[in-house]
Amino acid sequence: MSTPTRILKPGRNCWRIRRAERIAFLIDGADYFQALHAVLPQARQQILISSWDIYSDIRLGALQGDKRTLAEILDKQLHKQRHLHVYMLNWDFSRLLDMGREWLPIYKFGWKTHPRLTFKLDSHYPLGASHHQKFVVLDERLAFSGGLDITRGRWDTPEHHPHDARRKQVDGTLGRPYHDVQIALEGEVASALADLFRERWRRATDQEFKPLDAPAASLWPSALKPDMQEVDVAISRTEPAYDDYQEVREVEQLYLDAIAAARDFIYIENQFYTCPPINQALIQRLLEEDGPQIILNLPLETEGWLSQNSLDIIRVRLLQDLRQADRHGHLAIYYPWKKNLETIPLNLHAKVMVVDDRFVRIGSSNLNNRSMGLDTECDIAIEVHGDNIKAGKAIRRFRQRLLGEHLDTSIDKVAETEQQQPELINSIESLRKQCDARCLMPLEEVLPKYEQSILTNIDLIDPEQPINMESLLYHYLPAQRSLLPNKRILTWLAAILLLSTLAAVWNLTPLGQWLKVDRATSIIETLRQYPFSVAITVAGFAIAAMLMVPVTLLIVACIIVFGAWWGAVYALTGAFVSAVLTYLLGSLMGRDALKGLAGGRINRISQRLARHGVM
């Protein structure tokens with residue numbers, strides 16, 4: 001056979017290739033958190049944590065019975081090591097978009113801990129994007145990277161017990177069983193990840209810190225057995241175009257190049273599957289008579305109602321296209337199943353790809369559009385060169401560990417079956433026949449009820465490029481249907497006449513006497529004598545505010561009658577009710593009525609707000 005095509009090419013599908021002295025594959029959160037628990041107290045100079053989500057009270061030492069939180073471990077180490085600095089960079093998430101996160105992390109990490117712990121939120125990305133790189137670097141010597149964040153709901157063992165109390169969410173509830181993968185790396189590659197962190201830190205904070213002067217001593221945990229030694233490791237990134245920085249799409253290109261280079265099989269575990277370019281690349285390989293086998297291991301459903309009713313539907317359509325292209329029986333699509341998990345299916349969150357047991361990638365990138373061009377991502381890849389038999393065996397054993405976990409059997413049993421059934425799909429099917437309480441099940445997609453717009457507006461649901469706010473506004477604002485010019489003029493004149501009349505009534509008639517504090521106070525005092533006086537007062541406040549009575553006058557009168565505290569409460573309630581009534585009035589009028597009055601000005605104002613903000 002000819003020499004396999006080289007996949008990793010710096011400048012095309014990866015940023016840097018650096019040496020790793022030792023590597024270990026960490027399957028599921030218990031392994032990762034245990035390794036972190038062992039090495040964080042060993043750091044002497046620097047700890048860098050890049051995260052999409054983080055939780056200060058997470059207990060990394062759950063298996064060891066250590067009840068100390070992440071914040072406490074870091075704080076103690078900072079007090080112990082006077083030269084140590086900790087830098088933490090987390091996505092500046094929207095509270096409206098994710099209520100499951102920890103409140104005030106900047107207080108719990110940035111203010112409540114040691115002064116040499118610096119916690120920052122990263123908002124240096126375009127609208128709709130997120131900071132999604134998940135890695136930790138210690139003393140520029142040891143690093144961890146992959147799909148796992150140091151937060152609640154991620155800790156789990158390969159057994160995935162449905163009621164494991166150690167897997168609690170931020171709100172105290174028990175999350176779904178959680179499967180993910182991280183990789184531990186020692187050597188020059190850790191220093192390269194530190195460079196990536198420093199650059200991201202500079203962009204997000206406008207601050208810089210220098211690399212370490214001297215290489216640190218080994219921090220490799222004694223209990224962690226390395227799977228590989230002395231191999232080259234590639235780092236691939238996604239970075240959206242923003243400010244003066246160019247777009248980086250190494251993650252996507254590496255997926256496409258790895259798919260094109262496959263000979264025997266492509267094994268993928270991923271949380272999402274909504275990326276048409278990746279799907280099209282797999283379709284092209286399925287059309288080849290002697291093309292590789294393609295095995296997709298996806299979750300039965302994604303996390304959350306919104307995702308299940310949008311991204312899962314897009315996934316169905318792409319998988320249907322894959323099946324139609326599978327003319328030669330080279331495709332298998334599974335989801336992990338376990339008895340007693342039917343109502344809370346396993347949350348498969350991993351981002352893993354193995355090609356021919358000579359290439360492996362583990363990272364933060366999902367197989368969706370936003371991971372290809374919108375979010376920041378960081379993937380680690382290893383490719384076997386020449387006769388590096390040990391590295392190839394390590395990749396094979398890693399893949400067999402994954403299959404053994406999902407098929408509820410040993411690695412040796414998987415290896416033995418693969419000897420008997422050389423084609424990977426056949427060996428998986430043979431092992432599936434022996435499953436009982438846990439297995440890989442065929443993912444039989446059935447299209448649920450959906451709006452056609454979900455499938456036609458993929459760019460809005462799962463954007464690949466930074467969202468253009470003007471385009472978004474034009475999408476949601478219908479075409480202008482303005483009133484006729486003469487009618488619009490008459491409408492404007494009527495509105496001006498109404499406002500002028502109200503102004504004249506309050507200034508030129510006896511009603512103007514009501515615009516005095518003593519008069520307003522007297523009225524509220526009178527209302528106070530009636531049953532339901534508070535409700536009447538609030539309603540009167542709201543109606544008066546809608547009739548353009550100065551709100552400051554009403555507030556002062558309420559405070560004089562009811563006192564500072566209760567008066568403020570009633571005034572605030574009245575102002576709120578007035579605002580709601582005004583909003584409902586505008587809503588009843590409808591968008592078209594407002595656009596009819598203002599014409600194209602409404603769109604132009606909205607676009608200016610999108611470009612420049614409220615300021």
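Packing here rests on contact, which means heavy atoms within 4.5 Å. The model is predicted.

**The chain**

The chain carries 22 helices and 18 strands. Of its 615 residues, 50% are buried. Its accessible surface is about 29,800 Å², and carbon and sulfur atoms supply 56% of that. Among contacts with a separation of 6 or more, 78% link residues 24 or more positions apart.

**Helix 12**

Helix 12 spans residues 424-432. Its buried residues are Leu424, Ile425, Ser427, Ile428, Leu431 and Arg432. Viewed down the axis of helix 12, the buried residues fall within an arc of 165°, so they line one face of the helix. An α-helix has 3.6 residues a turn, so residues three or four places apart point the same way.

What do the buried residues of helix 12 pack against? Both strands and helices, as listed here.

| Element | Residues |
|---|---|
| strand 11 | 265-270 |
| strand 12 | 293-297 |
| strand 13 | 331-338 |
| helix 10 | 389-406 |
| helix 11 | 411-420 |
| strand 18 | 438-442 |

**Arg432**

Arg432 lies in helix 12 and is one of the buried residues there. Its side chain makes a polar contact of 3.2 Å with the side chain of Glu429. Leaving aside residues up to four places away in sequence, Arg432 touches Tyr334, Leu407, Cys439, Leu440, Met441 and Pro442.

Notes:
Residues numbered from 1 in each chain as written. Predicted model: local features only at pLDDT ≥ 70, side-chain atom pairs only at ≥ 80, totals over all residues. Heavy atoms only, no water. Helix = DSSP H or I, 4+ residues; strand = E, 2+ residues; numbered from the N terminus. Buried < 20%, exposed > 50% of the residue type's maximum accessible area, 1.4 Å probe, protein only. Areas by Shrake-Rupley, 256 points an atom, 1.4 Å probe, with all protein chains shown as cover. Polar contact = N/O pair within 3.5 Å; in protein donor to acceptor, adjacent residues only side chain to side chain. Arc of directions from axis to C-beta.
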